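Student: Please take me through this model one question at a time, with the cut-offs stated as each term comes up.

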Amino acid sequence: MTFKDSQSFLDSVLETMARKNADYCGAHQAADPLANLRLSEKVGLCDTKTAILSRLLDKVQRLVNLTTGHEPKVAETAEDTLQDLVGYALLLRTALLEESA
């Protein structure tokens, strides 16, 4: 793997995040990358950071299953899961930066 491969991967992550954010939040909230994750706080489930951490843990578990011979029932590859992990890590960074601002 080269830095160029990593750049391509990161570009794909950012593109996917933008598309998913638009799908989850709609046009009226698309400017806020945390809008759908803040919903967990609004309905009293947990804070935004905990919501993101929960999703990260889901993806880690999925990656463990995908890389240890578990036969997936959904057509999601390890590459897809790694993209999601990076995306959620970026969202957690955003939440942490907001909190410290």
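## Pocket, core and contacts

Student: Which helix gives the most to the lining of the largest pocket?
Tutor: The pocket here is an open set of points on a 1 Å grid over the protein atoms alone, where a 1.4 Å probe fits, with protein on both sides within 12 Å along at least five of seven lines, and lining residues have an atom within 4 Å of a point. The elements that give two or more residues to this lining are H1 (3-25), H2 (35-42) and H4 (78-100), helices being DSSP runs of H or I of at least four residues, numbered from the N terminus. The most, six residues, come from H1.

Student: What kind of model is this, and what mean confidence does H1 have?
Tutor: This is a predicted model, in which local features need pLDDT of at least 70 and side-chain atom pairs count only at pLDDT 80 or more, while totals for chains, interfaces and linings use all residues; pLDDT is the predictor's confidence in each residue, from 0 to 100. Residues are numbered from 1 along each chain as its sequence is written, and side-chain values use heavy atoms, with hydrogens and water left out. The chain averages a pLDDT of 90, and 95% of the residues score at least 70. Confidence is highest in H3 (residues 48-67), at 96, and lowest in H1, at a mean of 89.

Student: Which residues lie nearest the centre of the largest pocket?
Tutor: The pocket has a volume of about 290 Å³, a volume being the space filled by probe spheres set on grid points joined across faces, edges and corners. By class its lining has eight nonpolar, five polar and three charged residues, where Ala, Val, Leu, Ile, Met, Phe, Trp, Tyr, Cys and Pro count as nonpolar, Asp, Glu, Lys and Arg as charged, and the others, Gly among them, as polar. Of the 16 lining residues, those nearest the centre are Met17, Lys20, Asn21, Tyr88 and Leu91.

Student: With which residues is Ile52 in contact?
Tutor: Ile52 belongs to the largest nonpolar core. Contact means heavy atoms within 4.5 Å, and, once neighbours within four places in sequence are left aside, the partners of Ile52 are Leu34, Leu37, Tyr88, Leu91, Leu92 and Ala95.

Student: Why is Leu82 not counted as buried?
Tutor: Leu82 is found in H4 and, beyond its neighbours within four places in sequence, is in contact with Phe9 and Leu63. Buried means under 20% relative accessible area, exposed over 50% and partly exposed in between, with a 1.4 Å probe and protein chains only. Leu82 is therefore partly exposed, its relative accessible area being 34%.

Student: How far apart are the C-alpha atoms of Asn36 and Asn21?
Tutor: Asn36 has its place in H2 and is partly exposed, with a relative accessible area of 23%. Not counting residues up to four places away in sequence, Asn36 touches Asn21, Tyr24 and Cys25. Asn36 and Asn21 are 15 residues apart along the chain, and their C-alpha atoms are separated by 7.8 Å.

Notes: Core = buried A, V, L, I, M, F, W, Y, C linked by side-chain atoms within 4.5 Å.
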